[in-house]
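This briefing describes the structure shown below, with residue-level findings grouped by topic.

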Amino acid sequence: MGQYALFTIVCLLNLFVYSQSDLDPLLEKGYSELESGHLNAAKSDLEKAKKLISSHFDLQEKAILFNNLGVCYIQLGEFKKGIDHYSTSLKLYQKLGNDTLIAESLLNLGIAYKDIGAFDRATKTILNAAAIFEKQQRTKELSSAWNSIGNIQRKIGNIEKALEYHERALKLRKRINYSKGIADSYNNIGAVYLDLNQPEKAQKYLINALHLKKQLGNEWNSLTTLTLLGRSCSELNQHQQAFEYLNAAYNLRIEAGSNSKIASSLFYLGNYYSNIKDIGKAIESFRQAEKLSEAAGDYQLLKDVLSAEIKQLHLKHKEDQILIDKYKKLVLVNEMLVSEENRKEIARLEIRYDVERKEKEIRIQRKQAKINQVQLENQQLYNQQLITWLVGTIAVTLSVILAWYLLRKRKKLIEIQNEELKEQKDEISALHKELSHRTKNYFGMLSGILKSDKSSVRHPETLQVLEENIRRLEAMSLIQHYLLDDSARKNKEVRLDAYFNNLVDLLLLNLLPHNHAVKLFKNLSTVYLDYDIAIRLGIVLNELVCNAIEHGLEDNANPELHISMTSDPQTIRLTVKDNGSGLPEDFPNSSNAKGLKLIRKLLHKINGTIDITNENGCKVSVIIKL
């Protein structure tokens, strides 16, 4: 028996050593890839390492792994996953009971909340870190916390509060003679005074920051200060000094070799040339900045550069095609930025939902504990009654009467508490519906933004792109109504025929003038379909109807449009037919085929095919295999 036990122990030790030998190289490789900026590779290797971690793995090393995975996810735009990993790292530090690591982890988590725009939660988290730093008398770290809150206040436009926190950080850093921190605080206070349109005060702090940074010998750390000084000189019409500062920052960033930073300097130089009315140099600076910011994937900077470049092209009266191309590119960049902001907003909503859900679960658990306590007390009371019955008949009678009274009272209390539990569960269910309603509102908000942009666009091609995107967004927004109202399907599926009926009516109302009626023939079977597939089919129907009206029926004296949908257990067939002149032979290669390419991409993801024929007009059949 002892031999078997010894054999088992040896096997377990070998398994641990083998897994450890695989784990260490993965961790080292993942951390190295993260440091060098290879984010996808780092994420892949660190995820593999996470799967190899055993229960006896060192808690601090495990916390470091989760923290670095959080960095990967945040930088790759997977904000919710990143924050979840940061939170797990914090919990591990809390298990260790190391207040220093807990405070530093809280500070990192707060900065992550700030990056996705969850400013209230970010402030609360960083204040918790600051409380620990203050208790431990860690002045340097406490000043970093006040500095972070100052940056948050500046981000939300509370400039006076931002100035207060940055000055508080500066005071602490002067107390401990922390030179690098003092220089950074001077820089931040100068930036705040620029926001307050007080360039003279800003210049004073920025010059102090630059002087101190030069004394420290950290030339690269002066880049931001040089740029801010250039901006302050421009606002004070000190053009020669502005150029010297901006050009110095530009030269340093070329040495550093970062496309995004070089593009930023070129953007500010372009603004400088614009201020002194040198349109040619301004355009050239903006074009260089455009290429570099696009290569670096810095779409916010790219948007600012394109907007400035378009303004200069208008002043120089450049030909329309160049402006059209720039406007098209600006529209695409705006779409990317909206998509990025949507991901952040979804992360904020998910975090808020998680917090509210956990708080409600805690309240429910507390109420359940009270119920359990009441039930326990009832049981104890019952036992006391039995003992009392053995003492004597009179004592039993009195105890029964008392017990009956107390049971009635406690039963009423339990009923009240059960009703409260039901209300709590209903609130949790309402949160799910609220999330769907907010999604509907965001579609409406995006459509409104595009409609607002449409009113200021004068170029036909840009206008057409905006109108197509507005119709697609409205098709996507319309489906939320059926998802939310179709209670018979438990809000999981969409009734396709009702959705398509309203979608077609909406398209005809938007696309056709009142004096050009189309004979519409609809034959739509009742079909319930998954939300994701339904929204793709809605966009497909939008494209088919728009193409039929704009290209097939535009010059037809008696236009007819036939729309049908049939289904069986294996397939769904959607057909759109018009009585126009049909498609030309070279249609797949023409500029009007963009909608067809979009349809093919949408159908590819849902196992769908499209068939186009000319039968006394154009007939398009879409087949979805279920």
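Asp195 is partly exposed, at a relative accessible area of 32%; on this scale, buried means under 20%, exposed means over 50% and partly exposed lies in between, with a 1.4 Å probe and protein chains only. The structure is a predicted model, in which local features need pLDDT of at least 70 and side-chain atom pairs count only at pLDDT 80 or more, whereas totals for chains, interfaces and linings use all residues. Residues are numbered from 1 along each chain as its sequence is written, and side-chain values use heavy atoms, with hydrogens and water left out.

**Overall composition and confidence**

- The chain has 21 helices and seven strands; these elements are DSSP runs numbered from the N terminus, helices being H or I with at least four residues and strands E with at least two.
- Of the 626 residues in the chain, 42% are buried.
- The accessible surface comes to about 35000 Å², and carbon and sulfur atoms account for 52% of that area; accessible areas follow the Shrake-Rupley method with a 1.4 Å probe, and for residues only the protein chains shown count as cover.
- Contacts (heavy atoms within 4.5 Å) are counted between residues at least 6 apart in sequence, and 60% of them join residues at least 24 apart.
- The mean pLDDT, the predictor's confidence in each residue from 0 to 100, is 79 for the chain, and 79% of the residues reach 70 or more.
- Over residues 1-20 the pLDDT is below 50, and this stretch has three contacts in the model beyond near neighbours in sequence.

**Salt bridges**

- The whole structure holds 16 salt bridges, each defined as a side-chain nitrogen of Lys or Arg within 4 Å of a carboxyl oxygen of Asp or Glu.
- Arg154 and Asp195 form one of these salt bridges, with an N to O distance of 2.5 Å.
- This pair links distant parts of the chain, since Arg154 belongs to helix H7 (residues 139-155) and Asp195 to helix H9, 41 residues apart.
- Arg154 is partly exposed, at a relative accessible area of 31%.
- Within helix H9, Asp184 and Lys180 lie four residues apart, about one turn of the helix, and their closest N and O atoms in a salt bridge are 3.2 Å apart.
- Lys180 counts as partly exposed at 36% relative accessibility.
- Glu615 and Lys619 meet in a salt bridge at 4.0 Å, N to O; Glu615 is partly exposed at 37%, as is Lys619 at 26%.

**Strand pairing**

- Strand S4 (residues 560-567) and strand S5 (residues 571-578) pair in the antiparallel sense over seven bridges; two strands pair if DSSP finds at least two bridges between them.
- Three residues separate S4 from S5, and the two strands form a hairpin.
- Thr566 has Arg573 in S5 as its bridge partner.
- S5 also runs antiparallel to strand S7 (residues 618-625), joined to it by seven bridges; here Leu574 has Val622 in S7 as its bridge partner.

**Loop residues with positive phi**

- Most residues other than glycine have a negative phi.
- Asn197, which is not a glycine, has a positive phi of about 60 degrees.
- Asn197 sits in the loop between helix H9 (179-195) and helix H10 (199-216) and is exposed, at 61% relative accessible area.
- Asn616, likewise not a glycine, has a positive phi of about 55 degrees.
- Asn616 lies in the loop between strand S6 (608-614) and S7, and its relative accessibility of 71% makes it exposed.

**Buried helix residues**

- Tyr499 of helix H19 (residues 496-511) is buried, with a relative accessible area of 0%.
- Ile283 in helix H14 (residues 279-296) is buried at 5% relative accessibility.
- Ile283 and Ala308 are 25 residues apart along the chain, with their C-alpha atoms separated by 8.6 Å.

**Nonpolar surface patch**

- Leu402, Trp404 and Tyr405 make a nonpolar surface patch of about 400 Å².
- Patches consist of residues with over 30% relative accessible area and no salt bridge, joining like charges within 9 Å and nonpolar side chains (Val, Leu, Ile, Met, Phe, Trp, Tyr) within 5 Å.
- Trp404 belongs to helix H17 (residues 393-454) and is exposed, at a relative accessible area of 59%.
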